[in-house]
Structures are given as structure tokens and as C-alpha cells.
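Q: I am new to this structure. Could you walk me through it?

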Amino acid sequence: MEMKHHLFNHRIEVNASLHEKLLKSPIHAQKEKIRLYTLSILSCVILALNVYYFMASQEKMTENQILESQYANFGSDLSI
Amino acid sequence: MAEEIDIIALQRGDMLAFEQLVHQYEKKVLNMCWYLLHNREEAEDATQDVFLSIYQSMHQFKGDSQLSTWIHRITLNKSLEYLRRAKRKKRFGIKVPIDDALILNKNYLSPNPEESYMERERTMQFFQAVQKLSENQRIAYTLHHLEDFSYKEIGASMNLSLSAVESLIFRAKQQLILQLKDPILKNII
């Protein structure tokens with residue numbers, strides 16, 4: 001068999017701390033999943049709040065526009 | 001001989017099967033990352049990401065290829081992510097240094113300090129030249145010469161044909177010969 005030059009024959013060992021971290025990958029995966037779910041829920045809540053406030057402000061704006069328009073006093077000068 | 005890993009148990013999320021997978025592949029994955037990234041700290045981070053990805057995407061493994069090929073592909077992709085990140089850092093002036101451990105090869109310890117120094121310089125030169133290769137050339141060359149992958153295995157891991165791998169390695173060698181000045185190094189590659 002061809003002898004490999006030492007330049008290509010160099011390996012490092014996995015130390016105990018890295019080994020422990022690797023074994024904990026499932027726990028990290030679980031944590032990441034929970035973080036992702038929490039973030040998604042938070043984003044949805046923020047989006048819903050934004051839509052709610054936008055619609056509320058639109059409604060108010062329409063109301064204000066009517067009040068400022070020529071129809072604001074519509075019917076006020078009518079007598080029975 | 002490596003033990004057979006129960007893929008179905010892994011896909012079920014069985015911790016024992018995952019532990020077995022870690023035992024079997026951790027050294028291979030770490031060294032592959034190390035040779036591609038040239039930095040131990042980065043290689044350790046990449047290795048953690050690789051095993052996290054393996055656990056998260058185990059259910060996607062269809063068995064079309066060998067488990068080892070699939071793991072090598074994930075390792076390559078993660079290493080590439082780190083390489084690109086390192087390139088971005090370099091653009092901002094932050095340089096990821098070549099690991100000292102990579103240069104101080106324990107397999108070659110000379111009692112002669114001058115010879116040791118020369119060897120260190122030579123190794124440094126070699127890895128600097130490898131760093132200058134294009135991404136694909138660097139991967140193909142590293143996997144073949146440093147990780148003992150066959151052309152077929154490299155092709156499977158990089159999604160390339162056999163002839164494309166041959167051509168990549170040939171061009172990598174040509175580039176290295178052009179870059180390296182040391183005649184001993186030129187002979188080795």
C-alpha cells in the first residue's frame with residue numbers, strides 16, 4: 001500500500017466537551033423548535049394587532065371624513 | 001468495522017441510535033470540517049451544526065444513498081456556509097487564521113529545530129495554497145488527499161460526475177504546482 005505523506009496524515013481528536021455538546025444536539029433541536037414556534041406565534045400576534053389597529057384607524061378616518069364633509073350637518077336644518 | 005446504525009430508530013428520534021451515530025461519525029465530520037476550514041474553533045462549531053442538522057432532517061433521509069454519503073453532504077454544505085461566512089469576514093478585514101495544530105503536525109516531529117522550522121513553513125505554505133483554490137477545487141482536493149475519499153465518493157457528496165471530479169482534482173493540482181515554490185511540496189502534491 002502506498003505510504004501517505006505526513007502532510008496528509010494529520011487528524012484531530014474530538015474532545016470531551018465537544019462530544020458532550022454533540023450528544024446534546026436533540027435537546028438543542030428541541031429548544032430551537034420551541035424558539036421558532038414562539039417567534040411564529042409572536043409574529044402572528046403582532047400582525048393581528050397591526051391589522052386591528054389599521055382597521056380601527058381606517059374606520060375612524062372615514063368617520064372623521066364624513067364629519068368634515070358637506071354631509072356633516074345633513075338633516076339638521078330640517079323641521080317636521 | 002463500523003456498527004450498523006438503525007435508521008428507523010434514528011428517524012423515530014431514538015436517543016441511543018443518535019448516540020451511536022455521534023460515536024461513529026464525530027471524528028470524521030470534525031476532521032472534514034477542520035481540513036476544509038483550516039481552523040479548529042470554526043470546525044467545532046460547524047460539527048455541532050452538522051449534528052443538529054442531521055437530527056432535524058433525519059426524517060428526510062430516504063435511503064437513496066448511503067447514510068455516510070448523506071452525512072458527508074451535510075458536512076460539506078455546512079463547511080461551505082462557514083467558508084462563505086469567513087470570506088465575508090475577510091472582506092471586513094477579519095481574518096480566520098490557519099490553525100496552529102494544523103501546521104504543527106504531530107506525525108512529524110524532528111529533533112532538528114531547523115528541520116522542524118522548515119517543515120512548519122512548508123505545511124503553512126501548503127495550506128495557504130489550498131486556501132487559494134476555488135471552492136470546488138478545494139473541496140475535491142481536500143476530500144481526496146486529506147480525507148481519502150474515492151472519486152466516486154466525492155462525486156456522490158458533491159453531486160458531480162466522475163469526470164467532473166477528475167477534472168477538478170487535476171486543475172487543483174495544477175494550481176498548487178503553480179503556487180508552491182518549494183520543490184519538495186511540488187513533488188508531494
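Q: How does α1(A) pass α2(B), in a left-handed or a right-handed crossing?
A: α1(A) passes α2(B) in a right-handed crossing. A crossing is right-handed if the near helix is turned clockwise from the far one by less than a right angle, and left-handed if anticlockwise. Helices (H or I, at least four residues) and strands (E, at least two) are DSSP runs, numbered from the N terminus.

Q: Before we go on, what kind of model is this?
A: This is a predicted model, in which local features need pLDDT of at least 70, side-chain atom pairs count only at pLDDT 80 or more, and totals for chains, interfaces and linings use all residues. Residues are numbered from 1 along each chain as its sequence is written, while chains are lettered from A and ligands numbered from 1 in the order in which they are written.

Q: At what angle do α1(A) and α2(B) cross?
A: The axes of α1(A), residues 16–23 of chain A, and α2(B) cross at roughly 140° and come within 10 Å. Axes are lines fitted to C-alpha atoms, for helices over the stretch in contact, and angles run from 0 to 180 degrees between N-to-C directions. The two helices are therefore oblique to each other; angles under 35 degrees count as roughly parallel, over 145 as roughly antiparallel, 65 to 115 as roughly perpendicular and the rest as oblique.

Q: Which residues meet there?
A: From α1(A) come A:His19, A:Leu22 and A:Leu23, which meet B:Glu19, B:Val22 and B:Glu26 of α2(B). This contact divides into 3 nonpolar, 1 polar and 2 charged residues. Ala, Val, Leu, Ile, Met, Phe, Trp, Tyr, Cys and Pro count as nonpolar, Asp, Glu, Lys and Arg as charged, and the others, Gly among them, as polar.

Q: How many residues of each chain are in contact?
A: In total, 28 residues of chain B are in contact with 18 residues of chain A, where contact requires C-beta atoms, placed from the backbone, within 7 Å. On the side of chain B that touches chain A, α2(B) gives the most, with 9 residues. That side of chain B has 14 nonpolar, 9 polar and 5 charged residues.

Q: What is chain B made of?
A: Chain B has 10 helices and 0 strands. Of its 189 residues, 34% are buried. A residue is buried if 20 or more other C-beta atoms lie within 10 Å of its own, exposed if 12 or fewer, and partly exposed in between.

Q: What about the largest nonpolar core?
A: The largest nonpolar core has 44 residues, and B:Val29, B:Cys33, B:Leu36, B:Leu37 and B:Ala140 have the most contacts inside it. Such a core is a set of buried Ala, Val, Leu, Ile, Met, Phe, Trp, Tyr and Cys residues joined through C-beta atoms within 7 Å. The largest share of this core, 11 residues, comes from α2(B).

Q: Which residues does B:Leu36 touch?
A: Leaving aside residues up to four places away in sequence, B:Leu36 touches B:Ser79, B:Leu83, B:Ile139 and B:Thr142.

Q: How do α7(B) and α9(B) pack?
A: Their axes are 8 Å apart, at an angle of about 95°. α7(B) and α9(B) are therefore roughly perpendicular to each other.

Q: Is B:Arg12 buried or exposed?
A: B:Arg12 counts as exposed, because 11 C-beta neighbours lie inside 10 Å. B:Arg12 belongs to helix α1 (residues 7–12) of chain B.

How values were computed. Contact = placed C-beta atoms within 7 Å.
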